[in-house]
Each structure stands twice: as C-alpha cells, then as structure tokens.
Amino acid sequence: MCAFQFRYGIGTKVIAVRKQMIMKYSGNKTHPDQHKIDDWFLYGPKNQEIEILVRELTIGHGLRLAEVENLIVEALRQSLPGH
C-alpha cells in the first residue's frame with residue numbers, strides 16, 4: 001500500500017475498480033495527458049486555484065463540500081458539447 005493509500009484509507013481493490021472505470025470510459029482513445037487524467041482521482045488537480053476556491057467557498061462562505069462538488073460537476077457538464 002502506498003503512502004497515499006495508507007493516509008486516505010484507499011485500498012488496492014478500490015484503485016483496481018477505479019482503473020476499470022477509467023478503461024471503460026477511455027476505450028481506445030488516447031490523449032497527450034492520459035497518464036495525468038488516469039491518476040487525477042488519486043492526486044487531485046494540479047491547479048492550486050481550485051483548492052483555494054474550494055476552501056473559500058466552504059470555510060469562508062459556509063458551503064458544504066458536497067455543494068461545492070456539485071457546482072464543479074455542473075460546470076463541467078455545461079462544458080460538454082450539447083449542453
């Protein structure tokens with residue numbers, strides 16, 4: 001178990017399931033950032049502004065983390081073609 005798995009309690013089975021989901025959605029498509037995309041769920045975003053904004057919305061403005069995550073999901077959905 002790596003340090004991240006130990007620290008956050010993520011077992012190898014969870015990681016294996018996530019990797020299966022990644023393969024399901026990726027299929028045969030490739031992307032220049034494929035490795036970073038595949039590991040994103042483990043290590044989070046590289047853009048520090050995301051963390052700063054999440055902290056500001058939760059701690060500074062009292063939103064629950066689930067509410068902020070829903071805002072992120074909705075913004076990403078709106079960015080998809082056809083929305």
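Buried means under 20% relative accessible area, exposed over 50%, and partly exposed in between, with a 1.4 Å probe and protein chains only. By that scale, E51 is partly exposed at 45%. This is a predicted model: local features need pLDDT of at least 70, side-chain atom pairs count only at pLDDT 80 or more, and totals for chains, interfaces and linings use all residues. Residues are numbered from 1 along each chain as its sequence is written, and side-chain values use heavy atoms, with hydrogens and water left out.

**Overall build**

- The protein chain holds 5 helices and 0 strands; both are DSSP runs, helices being H or I of at least four residues and strands E of at least two, numbered from the N terminus.
- Read from the N terminus, the order of elements is α-α-α-α-α.
- Of the 83 residues in the protein chain, 16% are buried.
- The protein chain exposes about 7,400 Å², and carbon and sulfur atoms supply 60% of that area. Accessible areas come from the Shrake-Rupley method with a 1.4 Å probe; for residues, only the protein chains shown count as cover.

**Helix 3 and its end**

- Helix 3 spans residues 34–43, and its buried residues are D38, D39 and L42.
- These residues cover an arc of only 80 degrees around the axis, so they sit on the same side of helix 3. The arc is taken from the directions from the helix axis to the C-beta atoms.
- Just after helix 3, G44 adopts a positive phi of about 75 degrees.

- The whole structure has 1 salt bridge, defined as a side-chain nitrogen of Lys or Arg within 4 Å of a carboxyl oxygen of Asp or Glu.
- E51 pairs with R55, and their closest N and O atoms are 2.9 Å apart.
- Both residues belong to helix 4 (residues 48–60), where E51 and R55 are 4 residues apart, about one turn of the helix.
- R55 is partly exposed, with a relative accessible area of 47%.

**The second largest pocket**

- The second largest pocket has a volume of about 700 Å³.
- Its lining counts 21 residues, and those closest to the centre are W40, P45, I50, V54 and I72.
- Helix 1 (3–8), helix 3, helix 4 and helix 5 (65–79) each give two or more residues to this lining.
- Helix 5 provides the largest share of the lining, 7 residues.
- By class, the lining of this pocket has 14 nonpolar, 3 polar and 4 charged residues. Nonpolar covers Ala, Val, Leu, Ile, Met, Phe, Trp, Tyr, Cys and Pro; charged covers Asp, Glu, Lys and Arg; the others, Gly among them, are polar.
- A pocket is an open set of points on a 1 Å grid over the protein atoms alone, where a 1.4 Å probe fits, with protein on both sides within 12 Å along at least five of seven lines; lining residues have an atom within 4 Å of a point. Grid points are joined across faces, edges and corners, and the volume is the space filled by probe spheres set on the points.

**Around V54**

- E69 lies in helix 5 and is partly exposed, at 45% relative accessible area.
- E69 and V54 are 15 residues apart in sequence, with 8.7 Å between their C-alpha atoms.
- R64 is in the loop between helix 4 and helix 5 and is exposed, at 63% relative accessible area.
- R64 and V54 are 10 residues apart along the chain, and their C-alpha atoms are separated by 9.8 Å.
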